[in-house]
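Here is a structure to read together. Take a look before we start.

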Amino acid sequence: MKAELEQLIALQKNDTSIRRLQAELDAIPERRAEIEKEFDQRAFEIKAIETQRDAARDARLQLESGMAEQRARAEKAERDLMSSTNAKAYEAAIREADAARKHISELETKMLEQMESFEQAEKTLGEREPEVARLRAEYDEKLVAFGEQTERQTEELAARRAERERLTAHLPPAMKSLYNRISTRIRDGVAVAEARKSSCSACFMSLRPEVMTKIRRGEEIITCDNCSRILYYIPAEQAQMTTP
Ligand SMILES: [Zn+2]
């Protein structure tokens with residue numbers, strides 16, 4: 001029986017690792033999103049400048065098409081002026097040409113402003129290029145490291161599952177089903193608990209001396225009356241080495 005109890009303890013250690021690894025692998029999307037979020041926060045300022053630069057470029061293009069319209073309007077006014085046959089048409093054409101020229105001048109000023117804004121943003125982006133490159137390199141490194149870590153965890157999980165097969169293959173069926181029944185029912189999945197200082201180390205229920213004696217002997221399966229975990233005893237000198 002002692003050897004089987006030791007196998008149960010080994011199985012418990014292994015199952016605890018499986019749970020931990022599975023939880024970490026299940027959280028891959030969240031863990032990746034965390035890395036991306038950190039990058040986005042640090043790249044926020046740079047993004048804002050890029051947005052500003054793009055907005056300035058778009059605004060300038062918009063102004064250019066307005067400018068083409070006003071030039072066409074001015075040319076038409078010039079033609080009307082040339083072909084005017086009376087004072088009224090002549091004055092109307094003059095007014096129209098003046099209005100178009102005024103509008104062109106306003107558009108030119110606005111275009112200059114947008115060009116300056118674009119150039120300023122480009123200049124800032126250029127200056128901060130090394131910082132951006134470093135940030136991007138750090139981000140890429142983190143993603144690579146994260147990929148490697150999850151790969152290792154996936155491999156370890158497979159190894160732990162194989163180990164579980166190996167450990168349960170040698171357990172008596174009744175013991176195996178008892179273990180599985182307890183571990184699936186208990187929230188943390190820990191089906192075995194050390195009996196320490198005359199109490200269950202999982203739920204702290206105190207254990208009667210005769211129960212403690214049976215657990216020390218390790219000749220039969222003793223479960224905790226309170227939490228139902230399988231109890232085992234480790235002599236004080238080994239205690240630090242074998243706690244699951
Ligand atoms: Zn207990």
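**A loop residue, then the chain**

Student: Where is Phe204 found?
Tutor: This is a predicted model, where local features need pLDDT of at least 70, side-chain atom pairs count only at pLDDT 80 or more, and totals for chains, interfaces and linings use all residues. Residues are numbered from 1 along each chain as its sequence is written. Helices (H or I, at least four residues) and strands (E, at least two) are DSSP runs, numbered from the N terminus. Phe204 is found in the loop between S2 and helix H7 (209-217).

Student: Is Phe204 buried or exposed?
Tutor: A residue is buried if 20 or more other C-beta atoms, placed from the backbone, lie within 10 Å of its own, exposed if 12 or fewer, and partly exposed in between. Phe204 has 12 C-beta neighbours inside 10 Å. So Phe204 counts as exposed.

Student: What is phi of Ser198 near?
Tutor: Ser198 lies in the loop between strand S1 (192-196) and strand S2 (199-200). Most residues other than glycine have a negative phi. Ser198 has a positive value, near 60°.

Student: What pattern does the protein chain follow along the sequence?
Tutor: The protein chain has eight helices and three strands. Read in order, they give α-α-α-α-α-α-β-β-α-β-α.

Student: What is the radius of gyration of the protein chain?
Tutor: That radius is taken over C-alpha atoms; the globule rule is 2.2 Å times the number of residues to the power 0.38. The rule gives 18 Å for 244 residues, and the chain is well over that, so it is more spread out than a compact globule. Its radius of gyration is 39 Å.
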